[in-house]
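Reader: I am new to this structure. Please take one part of it and look at it closely, then show me what surrounds it.

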Amino acid sequence: MSQVTLSVRRRTFLKASLALGASQAVGAPFVIRALGDEPVKIGMVNPLTGVLSALAQSEVDGAKHAEAEINKKGGILGRQVQLLVEDSANDVGTGVQKTSKLIDRDKVDVILGDVNSGIAYAMSQVTSEKKVFHIVPGGHTDPITGTNCKWNVFRVCNTTTMDASAVTPELVKRFGKKWFFITPDYAYGHTLQDAFIKALTKLGGTYDGDFLPINNTDFSATLIKARAYKPNVLLNNMGGLTQINCMKQFTQFGMQKQMALGGALFELESIKGCPPEAQTGWWDMEWWWNQPNVPEVVKFVADYRAATKKTPSARDWFGYVSMHTVRLGAEKAKSLEGPKLAAALQDFELPPDVALQPGKVRYRAGDHELMPNIFVGEAHPPKSGADDVFTVAALVPGEEAAGSVADTGCTMVQPT
Amino acid sequence: MAQVILFNVTNGLIIGAFYVLMALGLSLILNLSNVINFAHGNFLALGGYLAFTLSPTLGYWGALLISPLLTALIGVVVERLMIRRIYNRDPVYSLLLTFGLAFVMQDAARYIWGPNGLPMGLPDALAQPVTVDLFFITWYRIFMVTIVIVAVIGLFAFLRYTRIGLRIRAGTLDLETVASLGVNVRHLRTFNFAVGCLLAGLSGVLAAGQIGLNPNMGDDLLMPSFIAIIVGGVGSLIGTLFGGLLIGMAAALTTVFYPAASEAVIYAILMIVLLIRPRGLLGEEGMLS
Amino acid sequence: MSLATLTGVARFPEGRRPLVLIAIWAVLLTVPFWLPLLGGYTALAGRVLVFGLAAMGLNMLLGFTGVLSFGHAAYFGLGAYGAGLTLRYLVHSTPLAMLAGTLLGGLAGTLFGMLIVRRRGVYFAMCTIAFGQLWYYLAYSWNSFTGGFDGLRDFHREAVGFGPLTLDITDAGTPFYYFLLAIFAAAVALMGLLLRSPFGRTLLAIRENERRARSLGIPVERHIWLSFSISCFFTALAGTLYALLNNFADPLALHYSLSGYFVVMTVIGGMRTFWGPLLGAAVFVVLQDYISSMTVNWMSFIGAIFILVVLFFPRGLLGTRRRIAAT
């Protein structure tokens with residue numbers, strides 16, 4: 001008898017929670033409609049959980065900061081902006097599902113995302129089918145604005161070609177032409193290494209290297225091989241935590257005495273996760289906060305620090321730029337429809353308070369890739385503050401490093 | 001050439017040592033309680049994070065000593081609150097429970113310590129290479145292997161020579177009889193679980209010094225631990241020891257010839273063992289079947 | 001206590017069963033109409049169907065034969081990759097892709113089942129986990145073939161032709177949902193037939209008391225192996241649908257965490273019931289979708305759900321009802 005009563009209590013509990021859940025689901029759309037003017041909804045899908053979460057969170061922070069700024073100045077086309085953030089959990093199925101959800105249920109006008117290039121690509125298939133404007137703030141794989149380019153997809157961060165081509169001349173000039181690569185064995189790693197090899201061989205360099213599993217933790221075998229090869233520069237192409245471990249082991253073995261260290265990206269979040277002896281090497285930054293000669297940047301950094309208590313990294317800037325790009329595009333096109341926004345942003349140049357760097361920063365028409373400067377410089381332990389871990393030596397214009405549109409393999413198909 | 005061989009053998013021992021420590025803890029819990037602890041990798045991470053938090057106050061050595069004990073303590077709490085209730089049920093429940101626990105623990109780690117990687121400071125003495133020639137062997141690596149050897153010997157001695165150890169070993173073979181002999185089986189299981197978590201926590205502190213801290217750090221060690229147990233033979237701790245060393249060595253040696261395949265070789269060994277000798281190299285027929 | 005309760009199969013009075021079936025199909029058929037009103041969206045329903053089918057496939061093994069596999073995502077993922085690879089490299093045909101994927105996953109399961117069929121309990125589960133991870137590892141390492149870590153892309157579902165008629169399912173809207181539902185219906189009907197057959201009854205006997213079944217002369221290992229195989233085929237079929245739903249196949253579809261999701265869906269709905277896994281899939285997918293939109297800490301909530309279900313609702317939603325009906 002007691003088992004039955006217990007089960008009855010369970011059933012009541014279940015019914016109550018289902019009812020509660022259903023009421024939430026039913027209530028939500030009605031609540032929004034009651035808020036007077038419909039806001040402009042922008043949906044962001046990013047891996048807030050999983051190995052890329054630190055980078056994803058920075059992008060979200062940047063976007064939220066922009067959202068607040070835009071709303072203070074009157075919104076987009078006179079309407080307030082609402083940023084809806086969904087977690088793709090670093091899983092393609094979830095990313096695609098959330099994108100569908102944002103478009104079908106929440107009726108967003110624009111989609112942003114994903115840090116994970118594979119997910120970004122899968123999302124772009126959904127967004128182009130539904131004719132929704134899509135910006136990829138920080139997914140780096142080349143095909144997104146290359147062989148798989150789409151009329152509705154724009155990208156803020158650089159291609160691997162741009163990053164590799166920007167840092168190579170500096171490394172060759174300072175250290176020499178004999179290089180050793182440590183590269184993760186997946187698409188991004190391969191394209192990055194190929195880009196480096198292309199840039200290096202153009203300058204007459206020679207190289208050797210190893211491909212390692214993405215999650216490799218122990219680099220001793222490869223580092224020994226590198227040491228025996230006696231290169232001028234060791235190229236650390238690993239990403240995330242594996243990059244940090246490679247750096248640590250490199251300095252633990254005292255190899256910085258025999259060769260220089262360099263590579264494409266070594267993001268602020270990663271540098272800060274390193275012990276001081278591993279904060280070294282020559283890298284690209286896709287955007288850097290410490291630009292004392294650019295007043296817009298000084299103001300932006302001060303505002304950002306006041307609002308979020310942290311110094312903006314390139315990722316924060318990606319999120320920030322993406323949101324403002326939507327605003328600027330909508331203002332020019334007087335509409336939020338996908339095809340019109342895309343048309344308005346062809347060859348669109350960002351104003352200085354959004355570009356936050358010297359020079360002309362524009363979205364190239366042929367492949368929709370943003371052409372910012374690439375900040376080439378040296379990483380070092382903190383100097384004037386915890387975030388002063390990088391000193392810029394050269395600014396390479398993106399267009400110079402990118403190669404032509406034909407090189408990227410992009411043939412844009414316009415919407416029907 | 002000699003340098004390369006020497007290096008790879010030592011490297012294999014180091015990698016194997018890690019797998020062994022993790023797998024032994026997992027195996028202990030599996031053998032006595034029939035529970036696959038999916039959260040074992042998270043206990044490892046917990047040990048590392050606790051050491052990170054404690055080292056400013058206790059120093060590295062204090063943290064090394066205390067954090068595995070704290071991890072074991074948390075293991076006791078978890079066991080008494082949750083795992084205890086599902087011992088005699090269908091194994092599906094214990095798997096789901098520890099699986100859910102793994103989710104919660106990983107999220108908690110991310111929430112408390114943040115999603116970014118954190119560096120774990122080592123005492124300067126340990127971070128040096130042993131000699132200029134053998135630059136790839138730092139004192140820390142030797143230290144790690146030493147600690148693992150001490151821990152493993154300690155574990156086996158404990159199981160062989162103490163009364164609790166004897167009861168655990170007996171319980172692995174026939175828990176019912178042990179209970180009927182008047183042993184408090186509930187306490188035994190709790191203690192056993194705590195020892196398993198202690199080993200995981202210790203692995204975590206050691207791993208933190210090598211690869212730094214992040215919420216997912218235990219995940220990559222979980223599968224090799226499983227495989228070490230299956231290859232070595234379920235029910236046999238010596239088998240697990242052997243299995244861990246075997247796959248560690250195999251992974252290290254493969255890195256010499258074809259680095260990209262160093263993970264693949266572990267799975268290849270798994271398949272070969274399942275095909276040729278499904279009970280594992282040192283497993284006994286009838287264990288857990 | 002009747003024999004019916006002993007074997008765990010409470011029999012509904014004759015009149016009720018058709019009514020239940022009609023109710024279930026009425027709900028499923030009208031989803032595109034009522035779901036958006038509740039704040040849902042059709043892609044969500046598609047996901048529920050796909051996962052539900054996968055969980056029901058697993059349930060053949062778990063709930064009806066009493067054998068635990070915690071690595072079923074491997075066959076699901078193999079189905080997805082099989083379909084994707086076919087569409088990308090071989091032929092632009094949805095039915096053929098589905099066939100290829102189902103065969104790939106099903107055969108892998110069949111062969112693997114042969115290896116471990118003598119194991120039981122926790123060890124069996126461990127082997128299934130490890131085997132699943134092997135495929136996960138292969139998928140994300142073999143860059144040139146499977147697209148590796150980034151997943152398999154550049155394929156999409158093709159319109160399906162039936163002689164003069166063509167069903168255009170390339171759009172992700174309502175027609176595709178009905179296509180999924182049709183496949184689901186066919187699979188579920190087949191599964192029901194199998195479980196109601198003497199073969200199915202034998203599986204139940206094995207679940208209830210393996211030793212007694214063996215003493216009756218039933219070839220237990222062979223039945224378990226067959227049950228394992230068949231469940232892998234169904235789960236692989238679900239996997240092909242997943243690839244068609246996303247136009248993408250990625251390594252996480254093979255990972256043990258997805259296996260865990262399938263198991264928890266089965267348990268939430270009620271392991272020993274036929275429709276339980278579908279209900280469990282609905283509850284889980286909707287909950288996960290909802291919670292992950294609310295908070296970044298959704299993993300804690302999902303983990304807590306796992307724990308609460310195990311500790312307090314082990315029989316699941318439908319299982320609880322059954323017990324009350326039976327006593």
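Author: Start with a pair of strands. Strand β6 (residues 178-184) of chain A and strand β8 (residues 233-236) of chain A pair in the parallel sense, over four bridges. Strands here are DSSP runs of E with at least two residues, helices are runs of H or I with at least four residues, and both are numbered from the N terminus. Two strands count as paired if DSSP finds at least two bridges between them. The bridge partner of I182(A) in β8(A) is N236(A).

A word on the model and its numbering. This is a predicted model, in which local features need pLDDT of at least 70 and side-chain atom pairs count only at pLDDT 80 or more, while totals for chains, interfaces and linings use all residues. Residues are numbered from 1 along each chain as its sequence is written, and chains are lettered from A and ligands numbered from 1 in the order in which they are written.

Now widen the view. β6(A) and β8(A) belong to an open sheet of seven strands in chain A, with the order β7-β6-β8-β9-β10-β13-β14. Its pairing is mixed. The edge strands are β7 (206-212) and β14 (390-397) of chain A, and each pairs on one side only. From one strand to the next, the twist averages 25°. Helix α8 (residues 240-252) of chain A lies across β6, β8 and β9 (260-265) of chain A. It runs at about 155° to β8(A). Such angles run from 0 to 180 degrees between N-to-C directions, and the axes are lines fitted to C-alpha atoms, for helices over the stretch in contact.

Chain A has another sheet. This open sheet has five strands, in the order β2-β1-β3-β4-β5, with parallel pairing. Its edge strands are β2 (81-87) and β5 (153-155) of chain A, each pairing on one side only. The twist averages 20° from one strand to the next. Strand β4 (residues 133-136) of chain A pairs with β5(A) in the parallel sense, over three bridges. There, I135(A) stands opposite F154(A) in β5(A).

Next comes a helix. Helix α3 (residues 92-105) of chain A has 14 residues. It reaches 19 Å from its first C-alpha to its last, close to the 20 Å expected at 1.5 Å a residue. That expected span is 1.5 Å times one less than the number of residues. 13 of the 14 residues of α3(A) are buried, so the helix is largely enclosed by the rest of the structure. Buried means that 20 or more other C-beta atoms, placed from the backbone, lie within 10 Å of a residue's own; exposed means 12 or fewer, and partly exposed lies in between. After α3(A) comes K107(A), whose phi is positive, near 55°.

One residue of this helix deserves a stop. V92(A) is in α3 of chain A. It counts as buried because it has 29 C-beta neighbours inside 10 Å. Leaving aside residues up to four places away in sequence, V92(A) touches G118(A), I119(A) and A122(A), and also G151(C), N246(C), F248(C), D250(C) and L252(C). Contact means C-beta atoms, placed from the backbone, within 7 Å. The C-alpha atoms of V92(A) and S117(A) are separated by 9.9 Å, with the two residues 25 apart along the chain.

Chain A is also divided into domains. Domain 1 covers 36-158 + 293-371, and domain 2 covers 161-285. These bounds come from an automatic or database domain assignment. The domain centres, taken over C-alpha atoms, are separated by 30 Å. The contact takes 12 residues from domain 1 of chain A and 11 residues from domain 2 of chain A. On the domain 1 side, α2 (53-72) and α11 (314-333) of chain A each supply at least two residues. The largest share of that side, three residues, comes from α2(A).

Last, the chain contacts. Chain B and chain A meet with 26 residues from chain B and 26 residues from chain A. On the chain B side, α1 (2-33) and α9 (237-257) of chain B give two or more residues. The largest share, four residues, comes from α1(B). The contact between chain C and chain B takes 34 residues from chain C and 36 residues from chain B. On the chain C side, α7(C) gives the most, with 12 residues.

Definitions and conventions: Contact = placed C-beta atoms within 7 Å.
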